[in-house]
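Hi everyone, thanks for making time today. I'd like to walk you through a structure that may be new to you, so let's bring it up on the screen.

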Amino acid sequence: MDTLLLLNPIAFSIGALKVHWYGLILGAAALLGLLLVLREGKRYNIPQEVFMDMVLLGVPSAIIGARIYYVAFKWDDYKDNFWDVFKIWNGGIAIYGALIGAIICAVIFFRRKGYNFWRMADICAPGLIVGQMIGRWGNFVNQEAYGGPVEESFLRDKLHLPDFIVNQMNVEGVFHHPAFLYESMWSLVGLVLLLVLRRQKFLRSGELFMSYFIWYSIGRFFIEALRTDSLGFQAPQWVASLVNGLWSPMTAMGFEQGYLDPAYGNVRISQLLAIGIIIVAVVFIVVRRVTGKADVRYSDPIVSSKILSDDMEHTGTVASKEDKVILPTKDDPKQVEDKKE
């Protein structure tokens, strides 16, 4: 067998400090996502500092949320090794947990800045999917988030992958589905769709953000079942049958589900969560359209309520001075008397 080209997870060292590729890739993902958001925010004259501050707060919140989510469902692996909880450079974070952490932070932050959350979330949606598209390559370097076993010929001859990806998918002598790559490519297509969709006149506030969730969750549902490291739980048999039935088109295309440890359950949490998110997002869009609450378009101006408040306060001050000068109207008795004189 040829010598395998396995990537070193450590990019470089500065003394005793080891800088991991995983962290560098996540940093690059956040930076590129931010640049995309800043560019769109500029169209609405939103100060760049707003989004930069959001990233400074949102990234740590996302990492904390992602780690808490992952550890919560694998607590048995950490309860006797508590300090391992903080070793995120070894992998073990969950995208949905990251989204939960980031959204909680964003809701609080944007509200304090006086911006409508849905308008700002729409602007951030393409940046989020860019972050996920790039961030998945951190899993590649760490040899994690891969799928079930496959033949080497499948990777080389059917997918036509370059050697460095094929070799990295060789884990202890067994080749695996590059699930990270599937999700990265799905996110790339999703990015193009979001960029096209946000220029459509029919798009309403909040709908681009929901479209992001719908697209990502569809891909995540099908890709997640290929993986062998999924978080799971014990669900009623009808739920497991429903999930497997929805995934059955993948079986028809020749794919097989990855191994799910029975100790964790019979349903992958991310698959069930993906179904729930899709349903909620679609209902959100439909209900707001039907009830007439979707009256603000994506293309409408975005102004902070605090800025509006300051402007009104300023306008009110000017108006109070002008109120001292009372202009007569047509029906003003004084004006009538003047005319008679």
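Let's begin with helix α9, which covers residues 207-224. Its 18 residues reach 25 Å from the first C-alpha to the last, close to the 26 Å expected at 1.5 Å a residue. Please keep in mind throughout that this is a predicted model.

Now to the largest pocket. About 1,000 Å³ of space lies in it. Its lining is made by 41 residues, and the closest to the pocket's centre are A30, G58, V59, A62 and L128. Which elements give two or more residues to this lining? They are α1 (21-43), α2 (48-73), α4 (95-113) and α5 (117-141). The most comes from α5, with 11 residues. If you sort the lining by class, you get 30 nonpolar residues, 10 polar ones and one charged.

As general background, nonpolar side chains tend to be buried together in soluble globular proteins. Here, the largest nonpolar core has 81 residues, and the members that touch the most others are I46, F51, F110 and Y212.

Let's zoom in on F51. What is F51 in contact with, once we leave aside its neighbours within four places in sequence? The list runs L34, V37, L38, G41, I46, M120, I123 and C124. One of these, I46, is also among the core members that touch the most others.

Finally, two residues in loops. Most residues other than glycine have a negative phi. Q143 is not a glycine, yet has a positive phi of about 55°. You'll find Q143 in the loop between α5 and α6 (152-158). H160, also not a glycine, has a positive phi of about 55° as well, and sits in the loop between α6 and α7 (163-168).

How do these two stand in terms of exposure? Q143 is partly exposed, with a relative accessible area of 23%. H160 is exposed, with a relative accessible area of 61%.

That's my tour, and I'm happy to go back to any part of it on the screen.

Methods
Residues numbered from 1 in each chain as written. Predicted model: local features only at pLDDT ≥ 70, side-chain atom pairs only at ≥ 80, totals over all residues. Heavy atoms only, no water. Helix = DSSP H or I, 4+ residues; strand = E, 2+ residues; numbered from the N terminus. Expected span 1.5 Å × (residues − 1). 1 Å grid on protein atoms, 1.4 Å probe; cavity = no way out; pocket = protein on both sides within 12 Å on 5 of 7 lines; lining within 4 Å. Points joined across faces, edges and corners; volume = space filled by probe spheres on them. Nonpolar A, V, L, I, M, F, W, Y, C, P; charged D, E, K, R; others polar. Core = buried A, V, L, I, M, F, W, Y, C linked by side-chain atoms within 4.5 Å. Buried < 20%, exposed > 50% of the residue type's maximum accessible area, 1.4 Å probe, protein only. Contact = heavy atoms within 4.5 Å.
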